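Welcome! Take a moment to look it over before reading on.

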Amino acid sequence: MTTPLRATLDFLLYDWLAAESLTARSRFADHSRETFAAVFDTCERIAREKYAPFNRTIDLQEPQFDGEKVILPQCTHEAHQAYAASGMLSAAKDYAIGGMQLPYTVEAAANSFFALASISMGSGLLTVGNANLLMVHGTEAQQQAFALHEFSGRFSGTMCLSEPQAGSSLSDVATRAVPDGDDFAHDPLGPRYRLTGHKMWISAGEHELTENIVHLVLAKIPGPDGKLVPGTRGISLFIVPKKLVDVQGQLTGVRNDVALAGLNHKLGWRGTTNTLLNFGEGRYPVDGRAGAVGYLVGEPGRGLACMFHMMNEARIGIGMAATLLGLAGYYASLDYAKNRPQGRPVGQGGKDAAQPPVRIIEHADVRRMLLAQKSYSEGALALNLYCARLVDEQHTGAPEAADEARLLLEVLTPIAKSWPSEFCLEANSLAIQIHGGYGYTRDFPVEQYWRDNRLNMIHEGTHGIQAADLLGRKVLMEEGRGLRLLAARITATAERASGVPQLAAHAAALAGALQEVGAATQAAWATGDPAEALANAVPYMQAFGHTVLAWIWLDVALAVLAQDASLKIATDQGRMGAARYFYHYELPKIGAWLRVVHRRDMTCAELPEAAF
Ligand SMILES: Cc1cc2nc3c(=O)[nH]c(=O)nc-3n(C[C@H](O)[C@H](O)[C@H](O)COP(=O)(O)OP(=O)(O)OC[C@H]3O[C@@H](n4cnc5c(N)ncnc54)[C@H](O)[C@@H]3O)c2cc1C
């Protein structure tokens, strides 16, 4: 039986994004819609058997630290093994290193089955991102010793950026890296340093799921005066394995000086350990000395630039995670609404208490909450798959198209990450609301979806930081070329839709919204003062995101009508209903958001602190 997610993915991939056409490119020449389907079948099966049944288990059985080891439920070990055995960790990689050369679009879609089934059980997002970074910035020896073993599932990976005092502001990173001995520059695994410092919030920082853990750590190399260089310029990137390895990646038997200081006890996302790690405190001395051994990746002082490689991928991954949690809540509340009898319809004669109660899906307000969830979650899924398709274009398209894809991704990444984090969280809240009191209990899954989803506005750059990136950097970069490129795509969709009677009004609304966003962007920067321009960066991002989602929905609606003009199929009616909902109930909100941006409203920024 085709599941609703599978049907939605098939529609978006093949009928909207023409993903099958990728198989005409030499990199994907061995693939076909059948091979993609086989990957989806495998992922769906593993997600159904190894992930979904245990989503509540991992929420209740949080990771435990016994002083030696971190203990995770057995189901997490089995899920990890099944995922690694499926080959998904290297799905998009070259055949030469054991990959399947799958398009990233298909890989991202395939991973959505795991995210829907159990988001925090882990499907290797960090491990793959970590290994991908090394494939771009690492030496061949680093790739052999670390990355290849991550793709095989033998090792797992982390990203260690945050510190207790340095979260959003990475320029304040205080972890130090000093050369390890006179021969430090001649280690086959790269220039060898000793690291000391504390890394906070590190996901999957300690566990027994894999033989080894490859930490990618941001740290500063002190200058000749022994002081750390202020700002991000001084940040370098290091591989710090939990256990030391030789050039083949075989364990040498020496434990590196990385110690778990403690686990963080989280609101949600409890299937993944979250750790405070102490580097170099001397708990596990190497050669009799304190200091965690780390190998430099890339040039000194270029660490953040390398790390951004991992963060951009991670941000699309977070957008997908938020989206699939939104969809999980939608499916659960739709099922509930179809089965829960409560109340009677309001009609001309008023309620008739003699009649049996109706199912709550018959109430207009419950339908409003369902359609809101559908428009947020399916819209976000479409947006993230569109971004994934741009990643394929960037890597395999003709030069001009590849460059356009790169620039569009720059502008769209903050939206792909942040819009689902905010609005699919709102979807989860509506899913609880539909369940009434039952939604507020742990007897139903929706409260967990909300708790799991609450993370996404916080990590990988908070909402506020993403908004500042969008308005402060992305829409301005390359003299606004990225924004103009996006505007041209939005306009092209609006023009196509303006000739379609059912969509003409939406097309006009979209064109108007685009103009409003453009005018607000200019007005925000009219004085050139970042303090004024960015004071309302989050409302700007909300309006920008809603405009992007309206564009995506209109483009999707065009694809629906292209194949089912008279809307005979119920799922197509559903897509058109969600698009219409978005235009009637959501897009008009941008006026209020943009008004404060436009007039550089300083209400919040200027209220004296004592007045709060
Ligand atoms: C469950 C979980 C998993 C995580 N996993 C990892 C991981 O694997 N690796 C890793 O390195 N980190 C990880 N993080 C850390 C995460 O990225 C940080 O929590 C995040 O960057 C915010 O940093 P902070 O917590 O120090 O908050 P702060 O930076 O102190 O921010 C607090 C608030 O102030 C706002 N704020 C801060 N600075 C500004 C500014 N300049 N302008 C406007 N607003 C501002 C923020 O938007 C936020 O609302 C994880 C966090 C959590 C909770």
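A nonpolar core is a set of buried Ala, Val, Leu, Ile, Met, Phe, Trp, Tyr and Cys residues joined through side-chain atoms within 4.5 Å. Keep in mind that this is a predicted model.

**The nonpolar cores**
- The largest nonpolar core has 166 residues, and Phe544 and Val548 touch the most other members.
- Helix α16 (residues 537-563) gives this core its largest share, 18 residues.
- Leaving aside residues up to four places away in sequence, Phe544 touches Val411, Ile415, Leu470, Val475, Leu483, Leu486 and Val517.
- Another core, of 18 residues, lies apart from it and includes Val70, Phe238, Leu260 and Leu296.

- The axes of α16 and helix α17 (residues 570-586) come within 9 Å and cross at roughly 150 degrees.
- Angles over 145 degrees count as roughly antiparallel, so that is how α16 and α17 run relative to each other.
- Their crossing is left-handed.
- Among the residues making the contact are Trp551 and Leu554 of α16, and Met576 and Phe582 of α17.
- By type, the residues of this contact divide into 13 nonpolar, two polar and three charged.

**A residue in a loop**
- Met100 sits in the loop between α4 (74-85) and α5 (104-117).
- Is Met100 buried or partly exposed? Its relative accessible area is 22%, so Met100 is partly exposed.
- Not counting residues up to four places away in sequence, Met100 touches several residues, including His31, Val39, Met88 and Tyr95.
- Met100 and Arg270 are 170 residues apart in sequence and 31 Å apart in space, C-alpha to C-alpha.

How values were computed:
Residues numbered from 1 in each chain as written. Predicted model: local features only at pLDDT ≥ 70, side-chain atom pairs only at ≥ 80, totals over all residues. Heavy atoms only, no water. Buried < 20%, exposed > 50% of the residue type's maximum accessible area, 1.4 Å probe, protein only. Helix = DSSP H or I, 4+ residues; strand = E, 2+ residues; numbered from the N terminus. Contact = heavy atoms within 4.5 Å. Axes fitted to C-alpha atoms, helices over the stretch in contact; angles between N-to-C directions. Parallel < 35°, antiparallel > 145°, perpendicular 65-115°, else oblique. Left-handed = near helix turned anticlockwise from the far one by under 90°. Nonpolar A, V, L, I, M, F, W, Y, C, P; charged D, E, K, R; others polar.
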